[in-house]
Amino acid sequence: DPKYKEGDWYIDVANRKLYGPRTRNLWGNGILIGGAPNEGTNTDPDASLPNYRLNNDGKTLLAWINYKSQIIDMSKTPLNLVEKIEEAAFAGNKAIQKVIFGADLTIIGASAFKKCYYLEEVEFNKNLSQIDDTAFENCWYLTTLNLPNSLQTIKKQAFHKCTGLRIVKIPKSCKSIEFAAFEECKSLTEVQIEDEDEGLEEIGERVFEGCTSLRSVVLPKSLKKYLRIRG
């Protein structure tokens, strides 16, 4: 093109490329301005997005960002170092089918998996001590809970409206099950509570309210306080 001469520069606005300096009537391949075309926008391809966000010391999982993840394996580095899952970290994720917890996890925060409707399977670790309020509320596809022998507390409404839940095994390490923890688990037919002298001590009000398939619960001799456990 006669209007350009050697040494000129040219910006291709449509494709965000800078060409130049022109030599021997050639522009060369050009340089992309601003990195990848979708970088930093909500149209980024999935491969460029992180799966999760940790706090500065890597011990708290703040959020799971990838809403297409079906299997979450926290037993591998660096997630195996996570000690706490923050409040609502996975809440509303409709893709998750299975979660494997890492060895160091001790606390599952409030509403951490709330409304993960299609979560089917949870592999608990051996150091988990606390499941917070509404942590698994409305996880409709959960059917069996094999809670670990390290668990000490099941907080309020932790498994509220897990309507597919059929079997729950409460370990002797668990000292308290709080208000409405299993309320409206309509498919629940079996609750196994380890009967030990130093086992479960407290069952809160409405823990099994609305569990219409549950016919009986054998209370352990360690129990010191229980309110109305079923309506």
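Modeller: Contact here means heavy atoms within 4.5 Å. This is a predicted model, where local features need pLDDT of at least 70, side-chain atom pairs count only at pLDDT 80 or more, and totals for chains, interfaces and linings use all residues. Residues are numbered from 1 along each chain as its sequence is written, and side-chain values use heavy atoms, with hydrogens and water left out.

Biologist: Which residues does Ser-69 touch?

Modeller: Leaving out residues up to four places away in sequence, Ser-69 touches Asn-51, Trp-64, Asn-93, Ala-95 and Ile-96.

Biologist: Where is Ser-69 found?

Modeller: In the loop between strand E5 (60-64) and strand E6 (71-73). Strands are DSSP runs of at least two residues, numbered from the N terminus.

Biologist: Is Ser-69 buried or exposed?

Modeller: Buried, at 11% relative accessible area. Buried means under 20%, exposed over 50%, partly exposed in between, with a 1.4 Å probe and protein chains only.

Biologist: What does the side chain of Ser-69 reach at 3.5 Å?

Modeller: The backbone oxygen of Asn-66. The Ser-69 side chain also has a polar contact of 3.1 Å with the side chain of Trp-64. A polar contact is a pair of N or O atoms within 3.5 Å; within protein, one must be able to donate a hydrogen and the other to accept it, and residues adjacent in sequence count only if both atoms are side-chain atoms.

Biologist: Switching to cysteines. How many disulfides?

Modeller: The structure holds 0 disulfides, a disulfide being a pair of cysteine sulfur atoms within 2.5 Å. For Cys-211, the nearest cysteine sulfur is that of Cys-185, 5.1 Å away. Cys-211 is buried at 1%.

Note on methods:
Helices (H or I, at least four residues) and strands (E, at least two) are DSSP runs, numbered from the N terminus.
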